[in-house]
Amino acid sequence: MVKSIILPVAGLLVCPMVFAADPEIEAFFQAGHTQRPSPGKSVNQYALGFGVDLPWTFDDGRVTTRLDSSLGYIDTKKGDVTQVTVQPVIRYQPSAIGYFVEAGLGASYVTKRRWSKGNDLGSNLHFASSIAGGYDFGKYTLALHLQHISNAGLDEPNDGANQIDVRLTWRF
């Protein structure tokens, strides 16, 4: 059972590295809170992930693209949930070092549908949409990351979940 989960997850985390010949790679750690459904704890989720630059840039490099892959843990009222997310991201950053905003839309898989008594996500596979804003220090970035996962009405019920995290990123 464990091998059947770990191998595909490892593949999803490593997969982005094959998209570019000499990609810039970053690793991130994020921690935060599930807003809806609320688990009653201030910090109940953690994730580790990788981002790999994609080859598309615009506006003299101020608009960049990358592919993020993450493996997360969420402590819910109905028990532990593992979350795997793969998401292309577009970032606007006016200067090499400084403030940025970004948005992404991808897919997320969660191991449990029910996160609390009144919240049923309806399925394990979801669309993941996110927005973030933060500051790029060069080698590191610090951001506030907001994500919503939902099955977009493809399954019933469609309660969804809102997550808010602080993300720290290191570039290699």
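These legends describe close-up views of one predicted protein model. Residues are numbered from 1 along each chain as its sequence is written, and side-chain values use heavy atoms, leaving out hydrogens and water. Because the model is predicted, local features need pLDDT of at least 70 and side-chain atom pairs count only at pLDDT 80 or more, while totals for chains, interfaces and linings use all residues.

View 1. From the N terminus on, the elements run α-β-β-β-β-β-β-β-β-β-β. Helices (H or I, at least four residues) and strands (E, at least two) are DSSP runs, numbered from the N terminus. Of the 172 residues, 42% count as buried. Buried means under 20% relative accessible area, exposed over 50%, and partly exposed in between (1.4 Å probe, protein chains only). The chain exposes about 9100 Å². Carbon and sulfur atoms supply 65% of that area. Accessible areas come from the Shrake-Rupley method with a 1.4 Å probe; for residues, only the protein chains shown count as cover. Among contacts with a separation of 6 or more, 56% come from residues 24 or more positions apart. Contact means heavy atoms within 4.5 Å.

**View 2. A barrel closes from 8 strands.** The order is β1-β2-β3-β4-β5-β8-β9-β10, and the pairing is antiparallel. The twist averages 25° from one strand to the next. For this angle, axes are lines fitted to C-alpha atoms, for helices over the stretch in contact, and angles run from 0 to 180 degrees between N-to-C directions. Two strands pair if DSSP finds at least two bridges between them. Strand β1 (residues 25–36) and strand β2 (residues 45–58) run antiparallel, joined by 8 bridges. Here glutamate 26 stands opposite glycine 51 of β2.

**View 3. Strand β10 spans residues 161–171.** On one side, β1 pairs with β10 in the antiparallel sense over 10 bridges. Leucine 168 in β10 is the bridge partner of phenylalanine 29. Strand β9 (residues 140–150) also pairs with β10 in the antiparallel sense, over 10 bridges. Arginine 167 in β10 is the bridge partner of alanine 143. In a regular strand the side chains alternate between the two faces of the sheet. The covered face of β10 has Ala161, Gln163, Asp165, Arg167, Thr169 and Arg171. The uncovered face has Asn162, Ile164, Val166, Leu168 and Trp170.

**View 4. Threonine 169 lies in strand β10.** Threonine 169 is buried, with a relative accessible area of 5%. Leaving aside neighbours within four places in sequence, threonine 169 is in contact with Glu26, Ala27, Phe28, Lys139, Tyr140 and Thr141.

**View 5. The largest nonpolar core has 8 residues.** They are Ile74, Val81, Val110, Trp115, Leu121, Ala128, Ile149 and Ala161. A nonpolar core is a set of buried Ala, Val, Leu, Ile, Met, Phe, Trp, Tyr and Cys residues joined through side-chain atoms within 4.5 Å. Beyond its neighbours within four places in sequence, isoleucine 74 is in contact with Thr34, Asn44, Gln45, Gly79, Asp80, Val81, Gln83, Trp115 and Gln163.

**View 6. Aromatic rings form 4 pairs across the whole structure.** Tyrosine 99 and tyrosine 135 make an edge-to-face pair, 4.9 Å centre to centre with 80° between the planes. This pair links distant parts of the chain, 36 residues apart: tyrosine 99 is in strand β5 (residues 98–110) and tyrosine 135 in strand β8 (residues 125–136). Rings of Phe, Tyr and Trp (its six-membered ring) pair if their centres lie within 6.5 Å; planes under 30 degrees apart count as stacked, over 60 as edge-to-face and the rest as tilted. Tyrosine 99 is exposed, at 62% relative accessible area. Tyrosine 135 is partly exposed, at 27%. Phe29, Tyr46 and Tyr73 form one aromatic cluster.

View 7. Aspartate 59 is partly exposed, with a relative accessible area of 40%. Aspartate 60 is exposed, with a relative accessible area of 76%.

**View 8. A cis peptide bond joins glutamate 156 and proline 157.** Its omega is about -10°. Proline 157 is found in the loop between β9 and β10.
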